[in-house]
Amino acid sequence: LGKVIGVPKAAIINAIIAQKLDYTQNVLDDLQNRGLIKTKFKSGTELKRFIENGDNAYDDLNREENKILLFKNYTENFLKKYSSKKSAEQY
């Protein structure tokens, strides 16, 4: 299932991995929505560096716009994964 098991801190490690995967998915979704994946990056290595640099990587957006876009993507992904359809509609 892609989970770390059999080590004392497995729950912590799995939580960290889940957070990093969610962040990466949010960034990829945002880049895809703005059409920047194919135009801004020449290779997968450049895309990887961009994701690893975090907030500082968004050089064409100011910090407030970046926060709004990441929050929107995070919320939409959260609703898809963890909420019932009725709850998602309410959010």
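User: Which residues make up the largest nonpolar core?
Analyst: This is a predicted model. Its largest nonpolar core has seven residues: Val27, Leu31, Leu36, Phe41, Leu47, Phe50 and Ile51.

User: Which elements give two or more residues to this core?
Analyst: Helix 1 and helix 3 (44–52) do.

User: And which one gives the most?
Analyst: Helix 3, with three residues.

User: Let's zoom in on Leu47. Leaving aside neighbours within four places in sequence, what is Leu47 in contact with?
Analyst: Leu28, Leu31 and Phe41. Leu31 and Phe41 also belong to the core, as does Leu47.

User: Surface now. Which residues make the nonpolar patch of about 310 Å²?
Analyst: Val7, Ile13, Ile17 and Leu21 make that surface patch.

User: Where is Ile17 placed?
Analyst: Ile17 sits in helix 1, which covers residues 10–33.

User: Why is Ile17 called partly exposed rather than buried?
Analyst: Because its relative accessible area is 36%. Buried would need under 20%, and exposed over 50%.

User: What about Ala15, where does that lie?
Analyst: Ala15 is in helix 1. Ala15 counts as partly exposed, because its relative accessible area is 40%.

User: How far apart are Ala15 and Lys3, in sequence and in space?
Analyst: They are twelve residues apart in sequence. In space, the C-alpha to C-alpha distance between Ala15 and Lys3 is 9.7 Å.

Notes. Residues numbered from 1 in each chain as written. Predicted model: local features only at pLDDT ≥ 70, side-chain atom pairs only at ≥ 80, totals over all residues. Heavy atoms only, no water. Patch = residues over 30% accessible without salt bridge, like charges linked within 9 Å, V, L, I, M, F, W, Y side chains within 5 Å. Areas by Shrake-Rupley, 256 points an atom, 1.4 Å probe, with all protein chains shown as cover. Salt bridge = Lys/Arg side-chain N within 4 Å of Asp/Glu carboxyl O. Helix = DSSP H or I, 4+ residues; strand = E, 2+ residues; numbered from the N terminus. Buried < 20%, exposed > 50% of the residue type's maximum accessible area, 1.4 Å probe, protein only. Core = buried A, V, L, I, M, F, W, Y, C linked by side-chain atoms within 4.5 Å. Contact = heavy atoms within 4.5 Å.
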